[in-house]
Every structure is written in C-alpha cells, then in structure tokens.
Amino acid sequence: MSAIENVFKSRDKNRISPVELIDTIFTDFFEMHGDRKFGDDLAIKCGIARLDGMPVSVIAVNKGKDIKEKVANNFGSPHPEGYRKALRIMKQAEKFNRPVICLIDTAGAYCGIGAEERGQGQAIADNLCEMMRLNIPVISILTGEGGSGGALALAVADEVWMLKNAIYSVISPEGCASILWKDSKKIEKAANSLKLTSDDLLSFKIIDKIINEDDDTVNNIKIQLIEKLKELKTKDKETLKQDRYNKFRRIGY
Amino acid sequence: MIEKNKFKKPKNALEFDLKIKNIIPVVPDNMYIICKKCKATILAQDFNSNNSVCPNCGDHYRLGARKRIAMICDENSFTEFDADLISKNILDFPEYDEKLEKSKNISGEKEGIITGVCKISGNNCAIFSMESSFMMGSMGAIVGEKLTKLIEYATKNKLPIIGFTVSGGARMQEGMYSLMQMAKTSGAIKLHSEAGLLYIVVLTDPTTGGVTASFAMEADIILAEPNATVGFAGARVIEQTIRQKLPLGFQTSEFVLNKGFIDNIVIRNDLKKVLTQLLNLHNAEVII
C-alpha cells in the first residue's frame with residue numbers, strides 16, 4: 001500500500017472510531033463535560049470507565065457519526081476548550097491515581113476565529129507541559145488520523161501506539177503540497193516524503209507499538225492496554241516521569 | 001526700506017552647472033530607505049542605529065537574531081552554545097538540502113536559532129534568539145535540540161531564560177521529527193519552571209504554528225513587540241477553512257493582549273530596560 005493510500009485508509013469513515021473503542025474496550029463509562037472555563041467541546045469526549053475492572057480516565061476524539069453530529073463536533077477538530085477539558089480530566093485522574101487512556105483520530109486542531117481568540121496555541125502548549133509531568137501512566141493510541149499539534153496535545157504519553165493503518169503527521173499531505181509546491185495535486189509526493197505511516201514512525205522510535213488491524217483489533221488493544229498498564233503501575237512516579245521525558249528528549253538527535 | 005531684489009530667488013548655480021554637464025545626481029545605493037508603512041524617506045544609518053524601527057512612525061521591522069542579542073546583552077558578555085549543530089536531511093525530503101544551503105547563505109547563520117549565555121545589565125541569563133531569514137525560523141530537530149540543551153543548562157545552573165521567538169512553526173521537511181520538538185522543548189521548559197526559575201519570552205513578528213503551541217506560550221512572562229503576527233493557524237488557512245475574510249488586526253500582538261494571552265507589548269527600544277527591570281525584580285530578595 002502506498003503512503004497516499006494509507007492516508008485515505010486512515011480517513012475511511014468505516015474505520016473503528018475512538019468512541020466505538022470506548023464502548024467496546026471499557027465498561028461503566030461515565031461521560032464528563034466541559035472545561036470549567038468556557039464551554040464544552042463535543043470534538044472531545046471524555047470520562048471515567050473501567051478497563052478489566054480497573055478505573056481509568058478515557059479521553060477520545062469524536063469526529064461524529066452522521067452529518068449532524070459531525071457538524072456539531074467540527075469533524076473532530078478540537079477547540080481550545082476541548083484541550084482544556086482533556087487536561088482537566090487528566091488532572092482529575094492524577095488526583096485519584098487513575099491511568100489515562102487517550103484515543104486519537106483528528107485532522108488537527110480547529111482553525112477558526114474563535115479558536116484563535118481563545119488561545120489554541122496556548123491550550124496545546126499547556127497540555128504538552130502538563131502531560132509531560134503527570135504522576136500517572138498515560139497511554140495514547142492513534143486510531144485514524146494523527147493531525148499535527150492537535151493530535152500531539154493528547155499524545156505526550158508513556159506509550160504512543162498506532163493502529164496499523166493510522167497516520168501521524170506534522171502536516172496533511174494536502175497542506176504540505178500546497179505550501180511547498182503550490183500544487184495540491186502533488187499529495188502523493190507529499191505523503192511519501194512526510195514519512196507518516198506507522199511503520200516509518202516505529203522505525204524512528206517516535207511511536208512505541210503498532211497494533212495490527214484484523215478481526216480481533218478491539219480485543220487486541222484491550223489485552224495490550226491491560227498488560228502495559230500493569231507494567232507501568234509498578235514504576236514509581238519519579239521514574240515514570242523521567243522515562244517519559246527521556247523518551248521524547250532523544251527524538252531528533 | 002526693503003530693497004527690491006533682496007528676496008528674489010537666486011539662480012541656482014549648481015543646478016545650472018549640472019544641466020550644462022548633463023550630470024544626473026545619484027544617491028549612493030542603500031543610503032536611504034523608504035518606510036513601507038509611513039512612506040517616509042529615512043537615512044539607512046538612522047534606521048539601523050534605531051534597531052530597525054522607523055524613526056518617523058515607529059514601525060518595527062524584522063531584526064536578525066544576532067543583532068537582537070547584541071541589542072539586549074551587555075557588551076562582549078554573550079557566549080554562544082552549540083554553534084556547530086546543523087540540520088541534516090533526515091527524511092531525504094525533496095529539495096530540503098537546497099533550501100538549507102540557501103538559508104545559510106541568506107541568513108549567514110547555520111541554523112534558525114542562536115542560543116547561549118549572557119549578561120543583561122549584569123544579570124546572568126540563558127538566551128535564545130530565532131532567525132527569520134533561516135527558513136522563517138521553522139523548528140526542526142536541531143532548533144529543538146539547541147533550545148532543549150539551553151533550557152537544560154539553565155535549569156542545571158539556575159539561570160533565568162530570555163527568549164525571542166520568530167517562527168512559521170514546525171519545519172515540515174523533517175516530518176514528525178519536527179513535531180516532536182514541541183513536546184521535547186515543552187518538557188524541558190516545564191522542568192525549568194518546576195525548579196522555580198524565570199522564563200521570559202518576547203514574541204516577534206511572526207510567531208505562529210508549533211512554536212506558538214509550545215515554548216512561545218509557556219513563559220512566566222510573555223511580552224510582544226508591537227504589531228507582530230501572533231497566532232496558531234495561518235491566516236490564509238483560517239480564511240480557506242471558514243470561507244470568510246478575517247477582521248482587521250486579527251492575530252496581532254494587540255489582539256492577543258486583548259484576548260488575555262500575553263502580559264504586555266513593549267517597543268523594541270525599551271526592551272533592554274524592561275527586561276532589566278523584570279530580571280532585577282526576580283533577583284531581589286523577598287522579605288516578608
């Protein structure tokens with residue numbers, strides 16, 4: 001499969017979505033709304049749930065199912081209040097010593113007047129700083145699109161996993177082609193050059209694991225999550241944070 | 001009695017001469033510049049000695065990273081770090097090698113950021129300054145690495161950090177390596193902050209994208225130069241997304257000040273004074 005085919009596959013509306021994963025992997029999910037500062041961003045759905053009996057906090061990007069929901073959720077592109085809601089849930093998880101699971105599928109942070117007025121950059125920056133130093137284990141899974149800073153704001157984690165056909169990129173191939181070559185038709189070249197596939201990113205050690213996509217994907221994710229959380233829970237808080245820092249620290253040099 | 005011819009315009013001998021000899025008066029190249037904003041003709045010398053601020057209307061032009069350091073640091077106090085770290089085409093991205101080469105020639109710098117230590121009115125500081133003429137200050141792996149090394153040095157040596165940002169965002173030619181620099185630098189800033197140390201950033205034109213969404217917005221005190229572009233998404237991208245024209249003054253320093261995201265706007269010629277005041281305030285002993 002070529003890189004551009006992979007890009008289209010990652011956006012396929014029939015893929016399993018983060019919200020479906022909430023329903024299938026976890027039990028006892030209780031949704032919590034709002035960032036307590038401005039409003040509630042439906043592009044991010046979060047709450048508490050159980051994973052194999054263990055309480056966890058779950059944060060999922062919600063692109064929406066039908067067109068009405070998609071519009072209400074801005075097609076899964078969060079506003080600053082979405083990132084602030086996610087951070088609130090993470091801090092709450094830290095207080096009650098619950099691990100955090102982030103399920104990501106977004107084209108990127110929303111670009112619009114309101115998003116800029118309410119500090120999209122500041123909201124993402126805040127998440128990057130705070131996630132790096134959370135006292136609890138964090139696992140982020142990219143299930144479809146991993147769009148730049150908008151995805152990274154939920155992916156400063158002890159473990160970053162990708163479904164086999166997910167992508168993770170600094171810019172969309174369309175954006176890259178139009179900026180660099182002033183030609184949106186050169187998306188194939190852009191997709192190839194950006195090295196955005198799960199195989200590429202695992203080889204760069206930018207992600208930690210690829211989850212194969214087959215009939216058993218959901219169960220596979222569940223088993224691996226349980227296993228990894230058991231392992232991460234044995235680490236003391238300082239080691240956990242130091243390891244997380246070191247993991248990102250060595251990227252690119 | 002007023003003599004009749006006293007106020008009569010004298011014949012201009014010089015003009016007369018030129019006409020005869022057919023000489024056209026020539027101004028030496030680069031002697032004057034015209035301000036893009038107020039259209040005033042200014043002596044280049046006056047413009048440069050005024051730190052690239054128009055002496056007539058006060059419009060701030062972009063200033064090179066090294067000139068900025070010279071403007072802020074005490075004389076001969078700056079020591080540069082990691083000057084030899086240079087970007088490689090890690091992804092073998094098309095045309096990236098040529099772009100790097102071109103940027104080096106245009107900017108006279110090896111990378112889009114200069115880092116080091118200095119004194120500002122006697123206060124020891126770690127300092128970074130980004131270079132707009134090097135691929136618009138975009139953040140690749142080396143920009144992230146140089147900055148992270150500086151921040152870690154500052155944390156270890158208990159130094160405040162003074163930073164000048166100018167950036168178009170992440171450097172897409174380095175793909176995900178560039179995006180990860182946002183997490184890396186943010187982590188280092190967080191550790192510096194946890195150590196109780198001061199970080200002051202000055203946003204200059206333009207500060208956008210991944211830099212806005214990381215170390216530009218993570219300082220204890222965020223200042224900006226007047227009328228600098230400050231935002232996350234590019235204005236053109238927003239216009240294309242929402243299909244409407246953006247309001248005048250959108251994503252400027254004044255706009256982000258009004259929305260509550262920066263502490264103050266400081267004109268360039270006051271920056272050293274203001275930074276000195278803030279550093280001194282943080283160095284003074286608190287007696288309760």
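Which residues touch the most other members of the largest nonpolar core? The core has 140 residues, and the answer is Ile59(A), Cys102(A), Leu128(A) and Tyr168(A). Keep in mind that this is a predicted model. Helix 6 of chain B, residues 175-194, gives the most to this core. Its share is 8 residues.

Take one of those core residues, Cys102(A). Set aside its neighbours within four places in sequence. Cys102(A) is then in contact with Ile59(A), Val138(A), Ser140(A), Leu154(A), Ala155(A) and Ala157(A). Ile59(A), in that list, is itself among the residues that touch the most other core members.

Now step back to chain A as a whole. It holds 12 helices and 8 strands. Its radius of gyration is 17 Å, close to the 18 Å that the globule rule gives for 253 residues, so chain A is as compact as a globular protein of that length. Its C-alpha atoms fill a box of roughly 50 × 40 × 40 Å along the principal axes. Of the 253 residues, 54% count as buried. Look also at contacts between residues at least 6 apart in the sequence of chain A. Of these, 71% join residues at least 24 apart.

Two helices of chain A show how its parts pack. Helix 8 covers residues 173-180. Its axis lies 8 Å from that of helix 9 of chain A, at an angle of about 110°. Angles of 65 to 115 degrees count as roughly perpendicular, and helix 8 and helix 9 of chain A are therefore roughly perpendicular to each other. Helix 8 of chain A brings Pro173(A), Glu174(A), Cys176(A) and Ala177(A) to the contact. Helix 9 of chain A brings Ile187(A), Lys189(A), Ala190(A), Ala191(A) and Leu194(A). The residues of this contact divide into 7 nonpolar, no polar and 2 charged.

Among contacts in chain B between residues at least 6 apart in sequence, 66% join residues at least 24 apart.

How many residues of chain A are in contact with chain B? There are 38, and they meet 40 residues of chain B. Several elements of chain A give two or more residues to this side, among them helix 5 (113-117), strand 7 (167-169) and helix 12 (237-249). The largest share comes from helix 6 of chain A, with 8 residues. The side of chain A that touches chain B divides into 22 nonpolar, 10 polar and 6 charged residues.

Terms used: Residues numbered from 1 in each chain as written. Chains lettered and ligands numbered in written order. Predicted model: local features only at pLDDT ≥ 70, side-chain atom pairs only at ≥ 80, totals over all residues. Helix = DSSP H or I, 4+ residues; strand = E, 2+ residues; numbered from the N terminus. Rg over C-alpha atoms; globule rule 2.2 N^0.38 Å. Buried ≥ 20, exposed ≤ 12 C-beta atoms within 10 Å, placed from the backbone. Contact = placed C-beta atoms within 7 Å. Core = buried A, V, L, I, M, F, W, Y, C linked by C-beta atoms within 7 Å. Nonpolar A, V, L, I, M, F, W, Y, C, P; charged D, E, K, R; others polar. Axes fitted to C-alpha atoms, helices over the stretch in contact; angles between N-to-C directions. Parallel < 35°, antiparallel > 145°, perpendicular 65-115°, else oblique.
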